[in-house]
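Let's take a walk through this structure together, one piece at a time. Have a look at the picture and then read on.

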Amino acid sequence: MGDLIQLAVLVAIGYFVGSRIEKKHYRSIKEREKKLLCCPVVTGDDFLEDKPIRVTRLVSGSAVISTDYFKMIAGNLLNLIGGEVSVFESLLDRARREAVLRMKEEATKADIILNLRIETSTIAGRNSVEALAYGTAVYYEK
Amino acid sequence: MKYTPQEIENNVNVSPQSPLRTFSIALAKIAALLFIIYLVIGLLVDIIAPRISIETEKKIGALAGADLKGKKQTEQDLRLQAILDPLVQGDPALPGFNYKVYVQENDQVNALALPAGNIVVFSGLLKEVRSENEMAMILAHELGHFRHRDHLRGMGRQLILLLLVTFFSGGDTTSQRVIMPSITTMQMRFSQRQEKAADQFGLDLLNKTYGHVAGATDFFVKMSKKNDWPKFMYFFSTHPYPGSRIQALTERIQEQGYVAGKAEPLWGALIPSYAAGFSK
């Protein structure tokens, strides 16, 4: 019985704290995405304009987002019965977008970022997810 | 090619369903699944348990009570054995085990019926008991579990459920932590019915052995005074609400016309040695 109460408390804390942090993170992501909208990022390499290039360089951004106790338990339950593990979707979405944002923040004033790639991996057992975004920043001659 | 920056408006990568809803649905599905499995296993165990031969049970008993095997009974144990033996002789229908009683130091007020005729009485319970008849009632109650083969049923269910949980969760401790406590609660609820049946058996055997039923309800009366938990708390307990046990016993005493009799305070000889034995 004590175990069950302890578990319920942890799940409740996980849910309330976790969703607060998530909401806050999404607000920050949306705000920064709007701010950095001017710098184009593409997955291809044929978006170059016909201008002399001053410099190109590798830019990368990585973000590690941790799950919370609620998501972990919910994910485990869903593992038992199968189906979409939707509780983890927001986690991955946040990690990917945050990584791209950090990459863009690194490439300030780049004219375009080509060949964007995103990779994900798990960290700390299965409790955290890392997203790594990298690409080639291109700066034209002014 | 022209690049047009665009803001993400509808995020297709995150399901719109609230995580709380996802969680509740998953929990409900698993609970339903476990409940069905539990019912089916319960049915199977109830069918199989009475058919397990005494020989097989002795083998199981050797596994389950391995630490009791060949254990020499202390002076204390032998005094309890002296109360137990006439009770065993009183019912020829009891499975033919070599019934042995052992005292174990533990503050819990409880006694256990282990497979193959081993009874363990916790020292916490001994401290509460005041008369031979009261002790006889408790031992007769445990004999009732052997007679009804309750420990086999209980063990079968727990064993199979534990196996199932381990199988389903792939040994993942987090899901085991979710599932196991709820199973034990269900398991306990189930055994309350068995406890009441064992009470009835114990009462009949007490009357048969002593010719009266003195001391039959003493222990439960004591317990009901001691534990003034609200009645609903007993849902989570292994044993039924003492009040309802007393009532059931009293009803049976009236129904069968059992004589009240007088309790024998033979216990006096045991208490000093008991106290000496455990004061170490």
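Helices and strands here are DSSP runs, at least four residues long for a helix and at least two for a strand, and they are numbered from the N terminus. With that in hand, chain B reads α-α-α-β-β-β-α-α-α-α-α-α-α from its N terminus on, which comes to 10 helices and three strands. Keep in mind that what you're looking at is a predicted model.

Chain A has three helices and three strands, and its elements run α-β-α-α-β-β, again starting at the N terminus. How much of each chain is buried? For chain A, 29% of its 142 residues count as buried, and for chain B the figure is 29% of 280 residues. In chain A, take the contacts between residues at least 6 apart in sequence: 80% of them join residues at least 24 apart. In chain B, residues 24 or more positions apart make up 73% of the contacts with a separation of 6 or more.

Now for some helix packing. Two packed helices are described by the angle between their axes and the distance between the axes. In chain B, helix 3 (residues 75–90) and helix 5 (residues 132–147) have axes that come within 10 Å and cross at roughly 60°. That angle is why helix 3 of chain B counts as oblique to helix 5 of chain B. The crossing of these two helices of chain B is right-handed. On the helix 3 side of chain B, the residues that meet helix 5 are B:Leu80, B:Ile83, B:Leu84, B:Leu87 and B:Val88, and their partners in helix 5 of chain B are B:Glu132, B:Met135, B:Ala136, B:Leu139, B:Ala140 and B:Leu143. Sorted by type, the residues of this contact are 10 nonpolar, no polar and one charged.

Some of those names come back in the largest nonpolar core, which has 38 residues. The members that touch the most others there are B:Leu84, B:Leu87, B:Val121, B:Ala136, B:Leu139, B:Ala140 and B:Leu206. Several elements of chain B give two or more residues to this core, including helix 3, helix 5, helix 7 (173–210) and helix 8 (218–226). Helix 5 of chain B supplies the largest share, eight residues. Apart from this core lies another, of 18 residues, with A:Val41, A:Val100, A:Ala110 and A:Ile112 among them.

Is B:Gly117 buried or exposed? It counts as buried, because it has 22 C-beta neighbours inside 10 Å. Beyond its neighbours within four places in sequence, B:Gly117 is in contact with B:Phe97, B:Asn98, B:Tyr99, B:Lys100 and B:Phe146.

One more helix pair to finish. The axes of helix 8 of chain B and helix 9 (residues 242–256) of chain B come within 8 Å and cross at roughly 155°, which means that helix 8 of chain B is roughly antiparallel to helix 9 of chain B. Here the crossing is left-handed.

Notes. Residues are numbered from 1 along each chain as its sequence is written. Chains are lettered from A and ligands numbered from 1 in the order in which they are written. This is a predicted model: local features need pLDDT of at least 70, side-chain atom pairs count only at pLDDT 80 or more; totals for chains, interfaces and linings use all residues. Axes are lines fitted to C-alpha atoms, for helices over the stretch in contact, and angles run from 0 to 180 degrees between N-to-C directions. Angles under 35 degrees count as roughly parallel, over 145 as roughly antiparallel, 65 to 115 as roughly perpendicular and the rest as oblique. A crossing is left-handed if the near helix is turned anticlockwise from the far one by less than a right angle, and right-handed if clockwise. Two residues are in contact if their C-beta atoms, placed from the backbone, lie within 7 Å. Ala, Val, Leu, Ile, Met, Phe, Trp, Tyr, Cys and Pro count as nonpolar, Asp, Glu, Lys and Arg as charged, and the others, Gly among them, as polar. A residue is buried if 20 or more other C-beta atoms lie within 10 Å of its own, exposed if 12 or fewer, and partly exposed in between; C-beta atoms are placed from the backbone. A nonpolar core is a set of buried Ala, Val, Leu, Ile, Met, Phe, Trp, Tyr and Cys residues joined through C-beta atoms within 7 Å.
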